[in-house]
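Here's a quick tour for anyone meeting this structure for the first time. Take a look at it, then read on.

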Amino acid sequence: MIERDRLRKPGWKILGALLLVALIMAAAWGVRSGARSMAFFRVRSVEIRGARYLQPNEIVARLQIDTLASLWDDLEPFRQRVRRHPQVADVRFERRMPGTLVVIVQENLPVALIQTPAGLLPFDSLGRQLPIDPSRSNLDLPIVASADPVLLKLVGAIRAAQPRVFARIEEARRIGRDEILLTLSSRAEDAAGAAVDTSTPQRKSLRVRLPVGLSVDRLADIFPVESDLARRQARVGEIDLRYRDQVIARLQ
């Protein structure tokens, strides 16, 4: 009776569960170790996903996969090699049986072009120069006068949260210490969201003034102001967002 009660105690159940888990893990390790030695699971092809500016052959070269690599090899060394590329923010892998390794890349996105001794070069929102050749990559990015961390962080936030505004930014620059001036292309939209014809010569770029630290969500206020003034056939030259809860439009 005493022995039976002891077996009913929670401690024995926990010990039994741990033993079962250990057996399962050992069996899984044995199966995986055996699979690694099978030619059936050799890596025969590599599929690259998520690469927009990176060339797939650059990623494949960094993987350094030889002819004996198995789909069941430890993938961490491959991840570290790809992750060291300055254009790569993160990378993960998927295995597709029987022999395809899928590489999913998350890139550091360029947010601006900055004039350097070597010409206009792309930078990300953290101020890092990216190894992208503008002459080969049709980069339509704002021009920023210098690697100002405030400006680069701002245009990066606009790219992420307000892509319609980002697509129109031609230039971003600091005016003094606390003010930023964005120059947008005059691609206004009507109330229905359709693009307004901007091919007429009298239309000019739109200037947007904002204080340092402004929430990028406020930039969405530009669109209803433009639409309203377009209905009135008034041409806006500047929108001022420096004042709390106010949008001031200065006409041409």
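## Helix 5 and its cap

Let's start with Asp-148, which caps the N-terminal end of helix 5: one of its side-chain oxygens sits 2.9 Å from the backbone nitrogen of Val-150. Helices here are DSSP runs of H or I with at least four residues, strands are E runs of at least two, and both are numbered from the N terminus. This is a predicted model, where local features need pLDDT of at least 70 and side-chain atom pairs count only at pLDDT 80 or more, while totals for chains, interfaces and linings use all residues. Residues are numbered from 1 along each chain as its sequence is written, and side-chain values use heavy atoms, with hydrogens and water left out.

## Two nonpolar cores

A nonpolar core is a set of buried Ala, Val, Leu, Ile, Met, Phe, Trp, Tyr and Cys residues joined through side-chain atoms within 4.5 Å. The largest one has 37 residues, and Ile-158, Leu-182, Val-208, Leu-210 and Leu-219 have the most contacts inside it. Helix 5 gives the most to this core, with five residues. Apart from it lies another core of 15 residues, including Phe-78 and Val-103.

What does Leu-210 touch? Leaving aside neighbours within four places in sequence, Leu-210 is in contact (heavy atoms within 4.5 Å) with residues including Leu-154, Leu-182 and Leu-241.

Strands count as paired if DSSP finds at least two bridges between them. Strand 8 (residues 179-184) and strand 9 (residues 206-211) run antiparallel, joined by six bridges, with Thr-183 opposite Arg-207. Strand 9 also runs parallel to strand 10 (residues 236-240), with three bridges, and there Val-208 stands opposite Ile-239.

Elsewhere to look: an open sheet of three strands, ordered 1-3-2 with mixed pairing. Strand 1 (45-49) and strand 2 (88-96) are at the edges with a single partner strand each, so one side of each has no neighbour in the sheet. Strand 2 pairs with strand 3 (residues 100-107) in the antiparallel sense over eight bridges, and Asp-90 has Gln-106 as its bridge partner.

Terms used. Polar contact = N/O pair within 3.5 Å; in protein donor to acceptor, adjacent residues only side chain to side chain. Buried < 20%, exposed > 50% of the residue type's maximum accessible area, 1.4 Å probe, protein only.
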